[in-house]
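Here is a set of exercises to work through with the model open beside you. Try each task before reading its solution.

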Amino acid sequence: MLRRRPRNGLEHTLALALSAALLFVAANSFPFLSFDMKGRITETTLISGVIDLWQQEKQEIAVLVLFTIVVAPLCQIALLLYVLLPLRWNRVPWHLPHAFRLLRHIQPWSMMEVFIIGILVAIVKLMGMASIVPGLALWSFVLLMLVLAGAVASFEPEAVWEQLEARA
């Protein structure tokens, strides 16, 4: 035997996708970082960072950041859940091949790892000028990055097709 699929692989992927959905909500709902500069405290969120870029007339960068750290991960999570939840309830998702294709096309656009590296570099550079406190959203985002990577890595379309064939 050259390859063995893990038992309950689709359930494992579904659990990771549901965890990613919860972490995504937390990462976009709570403060990402708090800056304390000379007694003035500023809290930022993922969306407020995008809005600030837009207001600084850097619309292209704002759209790129929004797409790579919010839209693409949200699409990945939604597509994984779209495929896996109906299978869990013994149903066939509508337009399943299209969902697979879209999932494969959107995957390279999710660049949460690059964003985290950029945030870490910015934190190191700003530490001398301000007191920086990581927020709940930052920790949620880091966990989201890891959990979503695990969900995408454990997702096996072949297992989905095999499960569908077993029902037919």
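**Exercise 1. Decide whether Ser-34 is buried or exposed, and list what Ser-34 touches.**

Step 1. Ser-34 has a relative accessible area of 14%, so Ser-34 is buried (buried means under 20% relative accessible area, exposed over 50%, partly exposed in between, with a 1.4 Å probe and protein chains only).

Step 2. Now place the residue: Ser-34 sits in strand E1 (helices, H or I with at least four residues, and strands, E with at least two, are DSSP runs numbered from the N terminus).

Step 3. With neighbours within four places in sequence set aside, Ser-34 contacts Thr-42, Glu-43, Ser-131, Ile-132 and Val-133 (contact means heavy atoms within 4.5 Å).

A note on the ground rules before you go on: this is a predicted model, in which local features need pLDDT of at least 70 and side-chain atom pairs count only at pLDDT 80 or more, while totals for chains, interfaces and linings use all residues. Residues are numbered from 1 along each chain as its sequence is written, and side-chain values use heavy atoms, with hydrogens and water left out.

**Exercise 2. Work out the order of the strands in the sheet and how E1 meets E2.**

Step 1. The open sheet has 3 strands in the order E2-E1-E3, with antiparallel pairing (two strands pair if DSSP finds at least two bridges between them).

Step 2. At the edges are strand E2 (40–44) and strand E3 (131–134), each pairing on one side only.

Step 3. On average, neighbouring strands of this sheet are turned by 20° against each other, direction ignored (axes are lines fitted to C-alpha atoms, for helices over the stretch in contact, and angles run from 0 to 180 degrees between N-to-C directions).

Step 4. Strand E1 (residues 33–37) pairs with E2 over 5 bridges in the antiparallel sense. Leu-33 stands opposite Thr-44 in E2, and Asp-36 has Ile-41 of E2 as its bridge partner.

**Exercise 3. Find where Glu-57 and His-95 lie, and classify the exposure of each.**

Step 1. Glu-57 belongs to the loop between H2 and H3. Although Glu-57 is not a glycine, its phi is positive, at about 60°.

Step 2. The relative accessibility of Glu-57 is 65%, so Glu-57 counts as exposed.

Step 3. His-95 lies in the loop between H3 and helix H4 (96–106). His-95 is not a glycine either, yet has a positive phi of about 55°.

Step 4. With 39% relative accessibility, His-95 counts as partly exposed.

**Exercise 4. Find what the buried residues of H6 pack against.**

Step 1. Helix H6 (residues 136–154) has 19 residues and reaches 27 Å from first C-alpha to last, close to the 27 Å expected at 1.5 Å a residue (the expected span is 1.5 Å times one less than the number of residues).

Step 2. The buried residues of H6 include Leu-138, Phe-141, Leu-144, Met-145 and Leu-148.

Step 3. The partners in this packing are helix H1 (9–29), E1, helix H2 (46–55), helix H3 (59–88), helix H5 (112–126) and E3.

**Exercise 5. Describe the surroundings of Leu-81.**

Step 1. Leu-81 is part of helix H3, and its 16% relative accessibility makes it buried.

Step 2. Beyond neighbours within four places in sequence, Leu-81 contacts Leu-14, Ala-17, Leu-18, Ala-21 and Pro-86.

**Exercise 6. Summarise the chain as a whole.**

Step 1. The chain has 7 helices and 3 strands, running α-β-β-α-α-α-α-β-α-α from the N terminus on.

Step 2. The C-alpha trace spans about 65 × 30 × 30 Å along its principal axes.

Step 3. Of the 168 residues in the chain, 39% are buried.

Step 4. Among contacts between residues at least 6 apart in sequence, 76% join residues at least 24 apart.
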